[in-house]
Amino acid sequence: MSVSTEIAEPGVVVVTIDHPPVNALPVAGWFALADAVTAAGRDPATHVVVLRAAGRGFCAGVDIKEIQREGHEALVGANQGCHAAFGAVYDCEVPVIAAVRGFCLGGGVGLVGNADVVVAADDATFGLPEVDRGALGAATHLARLVPQHLMRAMYYTATTVTAAQLHDFGSVYRVVPPDDLDGAALEVAKQIAAKDPRVIRAAKQALNGIDPQDVHRSYRYEQGFTFELNLSGVADEVRNRGWVHGQADDR
């Protein structure tokens, strides 16, 4: 099962990504995640959502092997699924807390960048390896986590930053040992859940309304270049070079 939902505390819904080995979600998984987050926020009994992951890392992005196996149909599906999932986190009617451990790459950054609060384990790393995959995307969301010039350097070089660095920037709220991550996320969630939910839901709308960046439109703009790179054959060439030189991961 790629996505599961449970009520951890009164008013606190936990959505868990669980797609071994590295939580690189297939097309269906992205849409399932979008549906789970949206449904949780729409339920009047929900005051806050915690988005977490099972396994050794938060999310390694899309299932590249599915795209290679099924071609452009899977590429379109992955792009639409990511847009739906990232948007579901951003548009969720209640605050979403991302609890991040291990690697947070590609689509993982898209989810975390659109979250309201980020709590991370001290082993968490964040980055966009898209240029090494012949793709683009989620710079919109990385720019919500790091300053502009660092975002550009990370994007061009496909390098990562640590949870401690993001804490220094103020984009990660708390950094804790991995064994304490779920407890720390729930602690923050309970603080929010204790507030009047009518006020919190209004606050979510208000904060989204004053956001300087239209995350939906800017991400879709990025995705257009991914389509260009794939249709021109450049993406396949880049990915094949990675496989030859041993740069590919186990997604």
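**View 1. Histidine 47 in its loop.** Histidine 47 sits in the loop that joins helix H1 (27-42) to strand E4 (48-53), where helices (H or I, at least four residues) and strands (E, at least two) are DSSP runs numbered from the N terminus. The model is a predicted one, in which local features need pLDDT of at least 70 and side-chain atom pairs count only at pLDDT 80 or more, while totals for chains, interfaces and linings use all residues. Residues are numbered from 1 along each chain as its sequence is written, and side-chain values use heavy atoms, with hydrogens and water left out. The side chain of histidine 47 reaches the backbone oxygen of alanine 193 at 2.9 Å. Apart from neighbours within four places in sequence, histidine 47 is in contact (heavy atoms within 4.5 Å) with residues including Gly11, Val94, Pro95, Ile192 and Lys195.

**View 2. Helices H3 and H10.** The axes of helix H3 (residues 72-91) and helix H10 (residues 215-231), which are lines fitted to C-alpha atoms over the stretch in contact, with angles from 0 to 180 degrees between N-to-C directions, come within 11 Å and cross at roughly 165°. H3 and H10 are therefore roughly antiparallel to each other, a term used for angles over 145 degrees. Among the residues of H3 that meet H10 are His72, Leu75 and Phe86, and the H10 side includes Tyr219, Arg220 and Phe227.

**View 3. Confidence along the chain.** The chain averages a pLDDT, the predictor's confidence in each residue from 0 to 100, of 93, and 96% of the residues score at least 70. Over residues 243-251, pLDDT stays under 50. Where pLDDT is low, the predicted coordinates should not be read in detail.

How values were computed
Polar contact = N/O pair within 3.5 Å; in protein donor to acceptor, adjacent residues only side chain to side chain. Parallel < 35°, antiparallel > 145°, perpendicular 65-115°, else oblique.
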